[in-house]
Every structure is written in structure tokens, then in C-alpha cells.
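This report goes through selected local features of one protein model, with headings for each topic. Please have the sequence and the coordinates open while reading.

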Amino acid sequence: MDQDSGELPPPNAGKTAASWARVRARLRQEVGDVEYRNWLRQMTLGGVDGEAVLISLPTRFLRDWVRDHYGDRLRLMCQAEMAGIRTVELRVQAVGVAARAPVESEAEDAAPLGESLMVAPAPAAPPMTAASEPVRNDWLVPLDQRFTFDTFVVGKPNEFAHACARRVAESPAQAGFNPLFLYGGVGLGKTHLMHSIAWSLREQEPDLSVAYMSAEKFMYRFIAALRSHNTMEFKTQLRSVHVLMVDDLQFLIGKDNTQEEFFHTFNALIDAGKQIIISADKAPNDLSGIEDRLRTRLSGGIVADLHATTYELRLSILQAKAHNSGVEVPARVQELLARKIASNVRDLEGALNRLVAHAKLFGRPITLDTVPEVLSDILRAHDKRLSIDDIQRKVAEHYNIRLTEMASARRARAVARPRQVAMYLAKQLTSRSLPEIGRRFGNRDHTTVLHAVNKITELMAGDPSFAEDVTLLRKMLEM
Ligand code: ADP
Ligand code: MG
């Protein structure tokens with residue numbers, strides 16, 4: 001059965017995909033979110049070949065790591081979830097940016113099994129009404145230990161949201177701060193702040209019952225309650241908490257029934273003087289597909305956004321995390337990561353964790369050279385997508401030659417050397433192959449490009465001022 005050959009997926013592709021989703025969810029549950037994100041999230045199902053499941057990973061390093069650390073478990077789970085499977089085959093397959101687009105990771109982060117959690121009412125909490133059962137065990141998942149105010153690094157982009165979170169943690173349900181609505185892009189710290197509030201409340205006021213859940217879990221629970229005609233129990237349980245946190249509210253959009261229920265829960269809690277904390281990827285006014293009355297209530301307290309990180313904030317976060325890693329992470333490496341991985345803190349953290357694990361595993365220090373080797377997939381995905389055109393233009397400008405010389409056949413040193421520099425930089429700064437680069441330089445052969453790369457490397461090694469020149473060009477291009 002060859003999955004690549006036809007346009008149509010085989011008849012049981014849907015079933016295989018569902019089984020694979022279960023395998024991933026179970027793995028995630030077993031190893032925990034952090035390990036899962038660092039090592040397993042990038043697995044993709046290639047298909048089924050006879051009795052083997054084909055799974056690909058973007059780099060050899062990841063493939064080997066998964067094979068050595070999770071191979072047996074992965075096989076057992078596939079055997080358990082997928083009929084007729086005996087073995088698992090791990091392959092290396094580079095993925096383009098598109099294949100690991102944020103949509104995938106977002107959806108996955110939003111739909112993990114058992115990620116929602118309910119902090120149990122402490123023993124001293126008032127008993128629930130007779131009609132309700134105690135909070136069910138499957139709602140009880142511990143808060144993430146790492147997500148506290150202590151570990152949250154504050155900078156310009158998040159200082160307002162952080163201050164609001166602190167305030168709510170100190171005195172919940174104060175007028176003006178209820179509900180607290182936190183919003184911002186993926187991986188900017190919304191969940192971290194919510195857990196921090198929960199930890200802090202738990203510490204200071206152990207009697208409060210705090211419920212935290214993802215909007216998806218809310219929906220899932222509600223639908224399950226509807227099906228089993230248990231909505232009363234659902235309502236009573238939710239309305240008995242002192243603090244309700246609902247993460248990633250955008251997932252309620254378009255789910256009319258659930259939205260309605262959420263709206264009523266929301267009103268009941270606010271009216272009863274309970275604190276509500278919501279997160280979403282957009283401000284209430286920009287969330288399309290929610291009812292106006294809910295939108296109005298969501299904006300009725302305080303709305304705080306987490307802005308995209310700045311280089312300074314990313315560097316501070318890395319410094320803090322590197323400090324706790326037990327491995328020396330050179331400042332240069334931190335700077336490189338902070339510059340390259342700009343879109344979200346989660347990826348930044350993942351990159352650092354992987355470097356640290358790599359260093360511990362092989363007992364080798366982290367250096368600027370190990371970074372591209374260990375993080376090629378992450379760096380590629382965060383590549384600024386420099387084009388060969390950009391490089392040619394900048395290099396031509398720098399050496400004061402005409403842009404057309406980049407593709408010309410002239411071999412005079414005055415144009416040939418800059419052309420080689422441009423080829424060298426194209427190899428270093430883009431993911432284009434040698435033949436592709438050659439084509440863009442007047443249809444030259446890939447061996448010409450290879451020669452240029454070697455020549456420039458050699459010249460740089462022997463001539464510091466030339467090396468400095470090329471490094472400067474590179475920096476300008478990377479800015
Ligand atoms: P979101 O919920 O906004 O998608 P998370 O709260 O899950 O993002 O944050 C993603 C990761 O980045 C978490 O591991 C979190 O600890 C970390 N992180 C985000 N912002 C900060 C910060 N300011 N300081 C320390 N860690 C942060
Ligand atoms: Mg989150």
C-alpha cells in the first residue's frame with residue numbers, strides 16, 4: 001500500500017489517522033507536555049506499509065533520539081492502537097515551513113488529552129450541594145510546576161498583563177479586574193500567567209477552589225453532559241468554584257450551544273462575586289463569531305494584551321532559563337537564538353532544551369557550531385526567508401559592482417570574487433541547494449558554487465580582514 005502514489009487516500013486512512021492521534025495523545029500523557037513538545041511533537045505519520053507504521057522526523061538527531069528513548073513505547077502503543085501493526089519505522093524527512101505551520105501546533109496544543117485541569121477544592125472548601133458529586137478525578141490534573149510568577153520574566157511587551165495577573169492573584173474578584181481577559185499570540189505566556197495566578201491563590205488562600213480548563217475541554221465536558229443528560233451536574237460543579245479560568249476561548253467560536261452555556265456560567269459566577277480569567281488569541285472586539293452580549297461581558301473587566309516579544313525580552317528569558325539548565329550556555333549562543341527564534345517563547349525554550357539535552361547526552365559543550373547542527377529544523381522554520389536576490393543585491397552594492405555581474409560570464413577578479421561571496425552567503429543563509437544557487441547565478445554548475453563556497457571559506461580562514469568583511473555583510477543581511 002503506497003500512500004504517495006495516488007491522489008485519493010486509501011479507504012482506511014481516516015482510521016489510521018485517528019489511531020495515530022490516539023498514539024500521540026497517549027504518549028503525550030505518559031511523557032508529559034515538556035518532553036512531548038521537545039522530542040515528539042514533530043513526528044508525522046507517513047503511512048502504513050504492511051505491518052509497519054512509517055513515521056518521519058525532520059532531522060537525524062531527532063530521529064535517533066526518538067528511536068533510542070521512545071522507540072519501544074512507541075511501538076507498543078502503535079501495536080495497541082493500530083490493528084495489524086508489528087513494527088515502527090522511523091525516517092528522516094525534512095519538512096518545509098508549511099508542514100510545521102503554527103496552525104498544526106496550535107491545534108495540537110489546544111486539543112491535548114487531559115491538558116485541562118481542575119484544581120480540587122481544598123479540603124476546607126464548603127461542601128458542594130447535595131445534588132452534585134465531588135469533582136471527578138479525571139478533572140484533576142496538577143498545575144504545571146514551571147508556570148509560576150517566579151519563573152515569568154517581565155519585560156515591556158508583557159508588563160501590563162503581568163501586573164494585572166498579579167493584582168488578580170492578590171485580590172481576586174475586585175471591581176475593575178473581573179473578568180481578567182488576557183490575549184496575545186501563541187506561546188507568549190498566557191497559560192503561564194494563568195497557572196501562576198492559580199499557584200499563587202492556592203498558596204495564599206488554600207480555601208478557594210480554582211478551576212482551570214481549556215475552552216475545548218469546557219466544550220467537551222458540556223457535550224458529554226448533554227449526551228448523558230447530566231447538565232445539572234455540570235452546571236453545579238462549575239458554579240461552585242471561586243475562580244474559573246478558561247484558556248484559549250477562541251475555540252468556542254461558532255459552537256453555539258457551548259457558547260450559550262458558557263455565557264450563563266460566566267454570568268452566574270460574576271453575579272456571585274467569583275473571579276473569571278479568560279485567555280484568547282485576540283481581543284474581545286476582534287473575536288469574530290461570538291455573540292455581542294458575550295463580547296460585551298468579556299470586555300467588562302480588564303483586557304490586557306501580551307505583545308510580541310522583543311529581542312531584549314527573549315534574551316532575558318533565555319538567560320533565566322539557561323541559568324537553571326545546569327549547562328553553560330555561552331552568551332553568543334543565547335544572542336543567536338534570541339535573534340533567530342523571534343516568533344514565540346515556546347519555540348525558543350524548546351530550542352534551548354534541546355541544546356542542553358544534546359550537551360548532556362554527548363558531554364560536549366554548547367558552542368556556536370553545535371547550534372545549526374542540533375537545531376537545523378527549528379532554525380529553518382524561523383528562517384527569515386532571505387532570498388538569493390536580496391543577497392545578490394546587497395553584495396553587489398557592497399563591492400560597488402553592477403547587479404547584472406552576478407549572472408554574467410565575466411571572470412575578472414573584481415566581479416568574480418564578489419560573485420563568489422554572494423554564492424557563499426546564499427549557501428549559508430538560505431536553504432537552497434547548490435544546483436538551485438548555480439542556476440540563479442547565470443546558470444552555473446553546482447560544482448562552481450561548491451568551489452566558490454570552499455574558496456571563500458579558505459580565504460576567510462587566511463585573511464582576517466576579508467573574513468570580517470564577509471561577516472559584516474552577513475550580519476547586515478541577517479538584520
Ligand atoms: P500561550 O499560552 O500564550 O500560548 P504559554 O504560556 O504556554 O503561551 O508559554 C509558552 C512557553 O513559553 C511556556 O513554556 C512558558 O513558560 C514560556 N514563556 C512565555 N512567556 C514567558 C516569560 N515571559 N517568561 C518565562 N517563560 C515564558
Ligand atoms: Mg496557552
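Which residue is the bridge partner of Val246 in β8? In β8, that partner is Ile278.

## Basis of the description

The model is predicted, so that local features need pLDDT of at least 70 and side-chain atom pairs count only at pLDDT 80 or more, while totals for chains, interfaces and linings use all residues. Residues are numbered from 1 along each chain as its sequence is written, chains are lettered from A and ligands numbered from 1 in the order in which they are written, and side-chain values use heavy atoms, with hydrogens and water left out.

Strand β7 covers residues 243-247, where strands are DSSP runs of E with at least two residues and helices are runs of H or I with at least four, numbered from the N terminus. Two strands pair if DSSP finds at least two bridges between them. On one side of this description stands strand β6 (residues 210-214), which pairs with β7 in the parallel sense over five bridges, and Met213 has Val246 as its bridge partner in β7. Strand β8 (residues 275-280) also runs parallel to β7, the two being joined by four bridges. From β7 the chain crosses through α9 to β8, and this β-α-β crossover is right-handed, meaning that, with the strands pointing away from the viewer, the path from the first strand over the helix to the second runs clockwise.

Because five of its five residues are buried, β7 is largely enclosed by the rest of the structure; buried means under 20% relative accessible area, exposed over 50%, and partly exposed in between, with a 1.4 Å probe and protein chains only. In a regular strand the side chains alternate between the two faces of the sheet. In β7, Val243, Met245 and Asp247 point one way and Leu244 and Val246 the other way.

## Thr258 in helix α9

Helix α9 spans residues 256-271 and contains Thr258, which counts as buried because its relative accessibility is 3%. When neighbours within four places in sequence are left aside, Thr258 is in contact (heavy atoms within 4.5 Å) with Phe218, Met219, Phe222 and Leu252.

## Backbone exceptions

Most residues other than glycine have a negative phi, and most peptide bonds are trans. Asp248, in the loop between β7 and α9, has a positive phi of about 60° although it is not a glycine, and at 17% relative accessibility Asp248 counts as buried. Asn443, in the loop between α17 (434-440) and α18 (446-462), has a positive phi of about 55°, but at 63% relative accessibility Asn443 counts as exposed.

A cis peptide bond, with omega about 0°, joins Asn178 and Pro179.
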